[in-house]
Amino acid sequence: MREPGKLLCEAAVIDIKWLNDSYYTLRFHSPEMALRSSPGQFVNLKLSNVKDLLLRRPMSIYRCGKKEGWLEFLLKIVGRGTRTFSHVQPGDEFGLLGPLGRGFDFDDVNDAILVVGGIGIAPLVFLAEEMHARNVNVRFVQGFVSQSEMCCAEELTPFVEELQIATDDGSYGFHGDVVGLLRELIRGKADLTGAEIFACGPNVMMRSLAELCVQENMKAQFSVEAHMACGFGVCVGCPVPLHNRSGYYLACTDGPVFRLGDIDFAD
Amino acid sequence: MQTSLAVRLGKLELKNPILTASGTFGYGQEFDEFVDLNRLGGIITKSVTRNARIGNPPHRIVEVPGGLLNSIGLANVGVESFISDKMPFLRTLQCRKIVNIAGESLEEFAEVLTKLEESPEGIDGYEVNLSCPNVEEGGRTFGKDPKQVFLITQALRKITDRPLIVKLTPDCSDIGQLGLAAQEGGADILSAINTFVGMAIDSRKRKPVLGTVTGGFSGPALKSLALAKVYELGQTVSLPIIGIGGIFTLTDVIEFLLAGASAVQIGTANYIEPRISERLVDQLEGYCQENSIASVSELVGALE
C-alpha cells in the first residue's frame, strides 16, 4: 500500500457551536487528519448522504486538537453549502479530503502581525496558536463589518500579545477598515514594521494590505479563497493570477498561501 | 462464476469498460494515491495542445443545480512537455493510456498528433477533442460541422494507425450526422458527449459568474441527455461508442451500456470521489457475478 499524502475518510461531527448570527464552528473527530494538518491548509468537506450539494466545499482548518484528535472549521453562511452544513447535528457524517494545499511558512519568523477581514479569520486562529507554541510574538488585527459579527477574541487571547479590532461602522474599536487600523498601529514603530504580515480576507482588503506592505517594505503571506472542484490540482479551476499576469498559480496546490509579490489580486 | 469485464472497441481492447474522462483525471499521476490505476480500463489524459496554454481567467468553476459549469480553456503543458514530463509515468501503467488532443486549427491537431506518434510506445490511442466549448477558435466551431469533423478525422487518420476516438459535442442539431462524418473520416470509435454550453449569472452583481461568460455544463443532470445522444448514435453509426455524461453510480454505468455504449468515461465524479473509478470496476464485477453475466459485453446495446 502506498503512503498517501492526503486522507480521504469519513468523520463524524462532534460539536457545532454558533459564534454569531452567521458564523459557526464544526468540530470533527479525525485524529489522523488532525495530526497531518498545519496552519493555512484546508480540507474538502462533503456532507454524506446529501445529494443536492455536488462539489466538496473547501474549508480552512480553524483549530486542531492534535492530542485529542479533533479538527475544527469556522464557517460563515454565504451560500447553499454553508447553509446546509449549518443544519447538521452531532453524529452526522462528513466525507473529508485533506489536508490540502500549502500553508503558512513561519519557520524563520520572530514577530508576526496577523491581519484578517471577516470570515478570513478562519485559518489564522490555528496559525496564532502554532506560532505561540513556537515562541513567535503574535499581534492580531481583526476587521469586521460591525460589532455583531465579531468573534474569536476569547480563543485568541491566550496566543497573542495584542488584539486590535476595527469595525466598518465604528460600533466597536477602530472606526474603519482593518488595513486603516494596521496603518495606524505601525506608524513610526520600527519594531512593528520589522514584523511579517500573515493575512486572510476579502480581495479588496488583501489588495490594499499588499499596497501597504510594499510601502512599508514588510514581508507578507496571504491566504486566498477560490472556487474549485477538486482541491488537488486536477480540475485546474482555481487560478490565481501571477504578479505580472503572465499566467496563473492554482489556489489548491500552489497555495492557498502565497507570498507578497508572487500574485496579483484579481478584480 | 467466472465473469469477464473485457470489452473490445474495434482495435481497442480494454480489460474493463471503465475509463476516466479527459480533463477530470489530470495526467493520471494526480490520482495515483487514491486509485490503483492499473485496475482501470484506461485513462484519457487532459487535452494536449501544440503549445502550453495558461487557460481562461477566473472564475473557471461554479456549481449549478444538477452539475457544474467549467471554463478552464484547455490549460495544459503542451505536447512537448507532455511527452517529456507526463509520458514517463503513464508508461509505467498497465491500463490503456489514451491521449486527448485539441487544437485551434486542423494544422494544430495534425502537428500534435504527429509529435505524439514520433514519441515511442506507451500510447494506446487518441481521443480527438472536437468539441471543447471553452475555446473561441477551433474545437467548438469544428465540432458542430459534419464536414469539418470529416476533414479533421480524415487528416488525423492518415497520421496514425492507433485507435482514433472522436469526441462529439451535444450542442448540435443532429449528433448522428456528426457521428457518420467521423465514421466516414476513418474514426475507430466515437465518444459522446462532451459538456453542454451553459451559463450562470450573479443577479446581485448583474454579471456572469464565469470569466468567459459561458462554460461547459457537466454533472448528474447530464445523464439523461447523454443517454439519449448515445442511443441515437447507436441507431445511426456502426462504430463502437464510449458513453460519457453524469456517471456517478454502477446503475449509471449499466444504463449507458444498455443504451449502446461499449465503454464509459467517468468525469465530474472524479472531483468529488477520487476513488470512484476503481470502485465502479469492483461494483461492475460484483454485478456481473451476481447476475450470472459471463461477459459484460452482453449488456452493450441490450435494451429491450
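## Helix 5 of chain B

Ile175(B), Leu178(B), Gly179(B), Leu180(B), Ala181(B), Ala182(B), Gln183(B) and Gly185(B) are the buried residues of helix 5 of chain B. A residue is buried if 20 or more other C-beta atoms, placed from the backbone, lie within 10 Å of its own. Helix 5 spans residues 175-185 of chain B, and 8 of its 11 residues are buried. The cover over these buried residues includes helix 4 (146-157), strand 9 (164-168), strand 10 and helix 6 of chain B. After helix 5 of chain B comes Gly186(B), with a positive phi near 110 degrees.

## The model and its numbering

This is a predicted model, in which local features need pLDDT of at least 70 and side-chain atom pairs count only at pLDDT 80 or more, while totals for chains, interfaces and linings use all residues. Residues are numbered from 1 along each chain as its sequence is written, and chains are lettered from A and ligands numbered from 1 in the order in which they are written.

## The barrel of chain B

Chain B has 9 helices and 16 strands. Helices (H or I, at least four residues) and strands (E, at least two) are DSSP runs, numbered from the N terminus. Strands 3-4-7-8-9-10-15-16 of chain B form a closed barrel of 8 strands with parallel pairing, and the twist averages 25 degrees from one strand to the next. Two strands pair if DSSP finds at least two bridges between them. Strand 4 (residues 42-44) and strand 7 (residues 96-101) of chain B run parallel and are joined by 3 bridges. Ile43(B) has Lys97(B) of strand 7 as its bridge partner.

Helix 9 (residues 276-290) of chain B packs on the sheet, where it touches strand 3 (18-20) and strand 16 (263-266), and its direction makes about 170 degrees with that of strand 3. Helix 6 (residues 222-236) of chain B lies across strand 10 (189-192) and strand 15 (241-244), at about 170 degrees to strand 15. Axes are lines fitted to C-alpha atoms, for helices over the stretch in contact, and angles run from 0 to 180 degrees between N-to-C directions.

## Overall form of chain B

The radius of gyration of chain B is 18 Å, close to the 19 Å that the globule rule gives for 304 residues, so chain B is as compact as a globular protein of that length. The radius of gyration is taken over C-alpha atoms, and the globule rule is 2.2 Å times the number of residues to the power 0.38. Of the 304 residues of chain B, 57% count as buried.

## Chain A and its domains

Chain A has 7 helices and 16 strands, and 49% of its 267 residues count as buried. Chain A is divided into domain 1 (7-100), domain 2 (111-221) and domain 3 (224-267), with bounds from an automatic or database domain assignment.

In chain A, 8 residues of domain 2 are in contact with 5 residues of domain 3; contact requires C-beta atoms, placed from the backbone, to lie within 7 Å. Helix 7 of chain A gives the most to the side of domain 2 that touches domain 3, with 5 residues. By class, that side of domain 2 of chain A has 4 nonpolar, 2 polar and 2 charged residues. Ala, Val, Leu, Ile, Met, Phe, Trp, Tyr, Cys and Pro count as nonpolar, Asp, Glu, Lys and Arg as charged, and the others, Gly among them, as polar.

## Where the chains meet

The contact takes 23 residues from chain A and 24 residues from chain B. On the side of chain A that touches chain B, 14 residues are nonpolar, 5 polar and 4 charged.

Methods
Contact = placed C-beta atoms within 7 Å. Buried ≥ 20, exposed ≤ 12 C-beta atoms within 10 Å, placed from the backbone.
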